[in-house]
Amino acid sequence: MRIGFALPQFGPLAHHPEDIARFARRAEELGADSLWVGDRLLAPVNPTVGYAGSDGIPPEFRAVLDPFTVLATAAAATERVRLGTDVINAPWYPPAVLARTLTTIDLLSAGRLLVGLGTGWSPEEYEAVDIPMAERGRRLDECLDALDAWWTRNPVEYRGDHWTVPASHVDLKPASRPRPPVYLAAFAPAAMRRVARRADGWLPVAIVPAAPGAPDPVATLAEGLGGVREAVEREGRDPAAFDAILRVNAGAGASVDDIATTLVRAEREAGIQHAFVDLMYLGKDTDQTLDLVQRVLEGARAS
């Protein structure tokens with residue numbers, strides 16, 4: 001299994017952006033296969049919708065670094081690791097701006113970019129970017145069309161109900177050909193149908209340790225992945241060519257053994273070939289987080 005890690009972007013680590021390049025280089029030296037960023041804009045004082053089914057927002061989301069800047073820094077500091085977004089909330093961004101930024105990172109990294117997109121869940125974040133949250137699904141669909149046009153055509157032109165790219169010369173194309181792979185995060189039925197219809201792969205999540213009484217995360221993952229591959233086949237696409245990259249969210253009570261066991265089971269029981277671990281709740285500083293990276297890699301690969 002390829003194993004990656006989230007870059008230091010949230011919480012205490014966000015206060016030390018000077019450590020991003022060092023973290024990325026050292027994680028690559030330790031054997032990490034990929035490095036990842038997420039996309040949070042703000043932490044509402046009185047959230048309409050809490051995070052991950054809770055009533056509130058984690059305090060770690062009160063300090064957030066820009067995902068594109070963090071990923072570009074990691075790209076410049078590394079040579080081998082893949083660089084992923086899990087996820088960028090695509091409806092927040094005009095597709096031309098998003099395409100230019102992602103193309104730049106893919107070129108900077110010599111084609112190592114993995115594009116993960118989603119729609120987010122916070123009404124306050126949508127309010128802050130002045131985008132109607134009710135339009136998020138339709139805007140994501142249009143963004144996917146506009147990105148494909150930007151990356152594969154020249155001149156580029158796209159006209160939708162929400163986004164427009166006037167006919168334009170765009171000579172810079174990604175190093176990844178014909179374009180970077182695009183993954184989608186999804187849980188709701190309509191979003192899962194979009195994954196099956198449009199994505200190169202799915203971005204599921206496993207929480208470690210599972211909450212008391214919650215279903216086994218690996219069993220749930222295996223069931224979900226089987227279902228989405230069946231849907232891919234119904235769409236007339238090849239399920240064998242459909243990828244999945246698992247995000248493992250390590251909670252404050254997670255041990256290295258918990259994380260390593262989840263990675264090993266995800267490979268053996270669900271067929272996951274690529275996963276990454278978010279240590280946001282465990283890493284208090286860069287050195288401690290790098291120590292955890294080393295221990296997780298050793299634990300997972302010794303099993």
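**Notebook: a predicted chain with a Luciferase-like span**

I began with residues 16-259, whose end C-alpha atoms lie 25 Å apart. This span is 38% helix and 17% strand, where helices (H or I, at least four residues) and strands (E, at least two) are DSSP runs numbered from the N terminus. I looked up the record for it: an unreviewed UniProt entry annotates residues 16-259 as "domain: Luciferase-like". UniProt positions are given in the numbering used here, feature names are shortened, and annotations may be inferred rather than shown by experiment.

I noted that this is a predicted model, in which local features need pLDDT of at least 70 and side-chain atom pairs count only at pLDDT 80 or more, while totals for chains, interfaces and linings use all residues. Residues are numbered from 1 along each chain as its sequence is written, and side-chain values use heavy atoms, with hydrogens and water left out.

**Entry 1: the whole chain**

I counted nine helices and 13 strands in the protein chain. Its radius of gyration is 19 Å, close to the 19 Å that the globule rule gives for 303 residues, so the chain is as compact as a globular protein of that length. The radius is taken over C-alpha atoms, and the rule is 2.2 Å times the number of residues to the power 0.38. Along its principal axes, the C-alpha trace spans about 55 × 45 × 40 Å.

I then checked burial: 52% of the 303 residues count as buried. Buried means under 20% relative accessible area, exposed over 50%, and partly exposed in between (1.4 Å probe, protein chains only). The accessible surface of the chain comes to about 13,500 Å², and 51% of that belongs to carbon and sulfur atoms. These areas come from the Shrake-Rupley method with a 1.4 Å probe; for residues, only the protein chains shown count as cover.

For contacts (heavy atoms within 4.5 Å), I found that residues 24 or more positions apart account for 74% of those with a separation of 6 or more.

**Entry 2: the nonpolar cores**

Which residues touch the most other members of the largest nonpolar core? I found Leu98 and Leu117, in a core of 88 residues. Such a core is a set of buried Ala, Val, Leu, Ile, Met, Phe, Trp, Tyr and Cys residues joined through side-chain atoms within 4.5 Å. Helix α5 (residues 136-152) supplies the largest share of this core, eight residues.

I listed the partners of Leu98, leaving aside neighbours within four places in sequence: Phe68, Ile88, Ala90, Tyr93, Leu117, Cys143 and Leu147. Another core, of eight residues, lies apart from the largest one; among its members are Ala6, Val87, Leu203 and Ile245.

I compared the length of α8 (residues 256-270) with expectation. At 1.5 Å a residue, its 15 residues should span 21 Å, and its end C-alpha atoms are 20 Å apart, which agrees. The expected span is 1.5 Å times one less than the number of residues. Buried residues of α8 include Val256, Ile259, Leu263 and Ala270. The elements they pack against include β1 (2-6), β12 (246-250) and α9 (286-302). After α8 comes Gly271, with a positive phi near 75°.

Helix α1 (residues 20-30) has buried residues including Ile20, Phe23, Glu28 and Leu30. The buried residues of α1 pack against β1, β2 (34-37), α2 (67-77) and α9. Just after α1, Gly31 has a positive phi of about 115°.

**Entry 3: loops and backbone details**

Is Ser109 buried or exposed? I found Ser109 buried, with a relative accessible area of 2%. Ser109 sits in the loop between α3 (95-108) and β5 (113-118). Neighbours within four places aside, Ser109 is in contact with Ala75 and Leu83.

Ala110 lies in the loop between α3 and β5 and is exposed, with a relative accessible area of 64%. Although Ala110 is not a glycine, its phi is positive, about 60°. Asp130, in the loop between α4 (123-129) and α5, also has a positive phi of about 60° without being a glycine. Asp130 is exposed, with a relative accessible area of 67%.

I recorded a cis peptide bond from Asp86 to Val87, with omega near -5°. Val87 lies in the loop between β3 (82-85) and β4 (88-89). A cis bond joins Val208 and Pro209 as well, with omega about -5°. Pro209 belongs to the loop between β10 and α7.
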